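Subject: Structure for your files

Hello,

The structure is pasted below. My notes on it follow.

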Amino acid sequence: MTGKERNRRITDLGTLKALAHPLRMRLYRALTVARTATASQLAEQVDEAVSLVSYHLRKLAEHGLVEEAEPQSADGRERWWQPSSDGVSIHDEDFRDAPEKAAAHTAASRLFFEQRADMYRRFLDERIHWGEAWNSAAESSESHMRLTAAELTELNREVLALLRRYEERGRAADEAGDREGRESVAVHTYAFPFRT
């Protein structure tokens, strides 16, 4: 694990709104995957102008979501960026005490879901190019259980702990130079009650 905060909990409306901008969230996600990048590198990934990307990176920095990183090249003109933490979390209980906060949390959650769904759609569209091993390893499933709220909380904690172990394993392998066969992998989980 790095020296960064493990999972920054967003509790204020301003930071939530800053992150819940469609382009800013794409930039934050791209920067999380890259770990460090310049505005130019990120602009290529999101197909936007460098000046626009720089503006949005500064907005994310104003809210402590990203920060300047040590230069990764000898070109002193380039400004490098990195996430300020190893992740963020947003909890319903931090935004339910006022209608505006609850509405912002719902809007942000919908944006995050749509962007995650777009990632999965892109994988499905490109699946043929990933080859047999990656297609066999990829998973899509749905489970229906009868749980209490306390059991769902426990299930979520256990799933997150498992994901963190694998995240740390991949990060340690990258840092050791063991990159052969490694790709960025997204794991999206949604656990919620429903009635039929």
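His105 has a relative accessibility of 13% and counts as buried, where buried means under 20% relative accessible area, exposed means over 50%, and partly exposed covers the range in between (1.4 Å probe, protein chains only). His105 is in helix H5. Leaving out residues up to four places away in sequence, His105 touches Leu16, Ile90, His91, Asp92 and Phe95; a contact here means heavy atoms within 4.5 Å.

Before the rest, the conventions. This is a predicted model, in which local features need pLDDT of at least 70 and side-chain atom pairs count only at pLDDT 80 or more, while totals for chains, interfaces and linings use all residues. Residues are numbered from 1 along each chain as its sequence is written, and side-chain values use heavy atoms, with hydrogens and water left out.

Helix H5 also holds Phe112. Phe112 is buried, at 9% relative accessibility. Its contacts, apart from neighbours within four places in sequence, are with Leu19, Ala20, Met25, Arg29 and Ile90. From Phe112 to Arg79 the C-alpha distance is 27 Å, and the two are 33 residues apart in sequence.

Overall layout

The protein has seven helices and five strands. These are DSSP runs numbered from the N terminus, with helices (H or I) of at least four residues and strands (E) of at least two. In sequence order the pattern reads β-α-α-β-α-α-β-β-β-α-α-α.

The C-alpha trace spans about 60 × 50 × 35 Å along its principal axes. For 196 residues a compact globule would have a radius of gyration near 16 Å, and the 18 Å of the protein agrees with that. That radius is taken over C-alpha atoms, and the globule rule is 2.2 Å times the number of residues to the power 0.38.

Of the 196 residues, 28% count as buried. The accessible surface comes to about 13,600 Å², and 50% of it belongs to carbon and sulfur atoms; areas come from the Shrake-Rupley method with a 1.4 Å probe, and for residues only the protein chains shown count as cover. Among contacts between residues at least 6 apart in sequence, 64% join residues at least 24 apart.

Rings

Rings of Phe, Tyr and Trp (its six-membered ring) are paired if their centres lie within 6.5 Å, and planes under 30 degrees apart count as stacked, over 60 as edge-to-face and the rest as tilted. By this rule there are three aromatic pairs. One of them is Phe113 with Tyr190, edge-to-face, at 5.5 Å centre to centre and 70° between the planes. Phe113 lies in helix H5 (residues 99–126) and Tyr190 in the segment after helix H7 (149–175), so the pair ties together parts that are 77 residues apart in sequence. Phe113 is partly exposed, at 38% relative accessible area, and Tyr190 is partly exposed too, at 39%.

A charge is also placed over a ring: the charged end of Arg169 sits over the ring of Tyr166, 4.5 Å from its centre. The criterion is NZ of Lys or CZ of Arg within 6 Å of the ring centre and within 35 degrees of the ring normal.

Loops and backbone

Arg35 is not a glycine but has a positive phi of about 75°. Arg35 is in the loop between helix H2 (22–34) and strand S2 (37–38), and is partly exposed with a relative accessible area of 32%. Asp47 likewise has a positive phi, near 55°, in a residue other than glycine. Asp47 belongs to the loop between helix H3 (39–46) and helix H4 (50–62) and is exposed at 66%.

Glu142 is in the loop between helix H6 (131–137) and H7. Its relative accessibility of 64% makes Glu142 exposed. A polar contact of 2.8 Å joins the side chains of Glu142 and His144; such a contact is a pair of N or O atoms within 3.5 Å, where within protein one must be able to donate a hydrogen and the other to accept it, and residues adjacent in sequence count only if both atoms are side-chain atoms. Glu142 and Glu154, twelve residues apart in sequence, are 18 Å apart C-alpha to C-alpha.

Ser136, in helix H6, is exposed with a relative accessible area of 59%. Ser136 and Thr148 are twelve residues apart along the chain, and their C-alpha atoms are separated by 33 Å.

Regards
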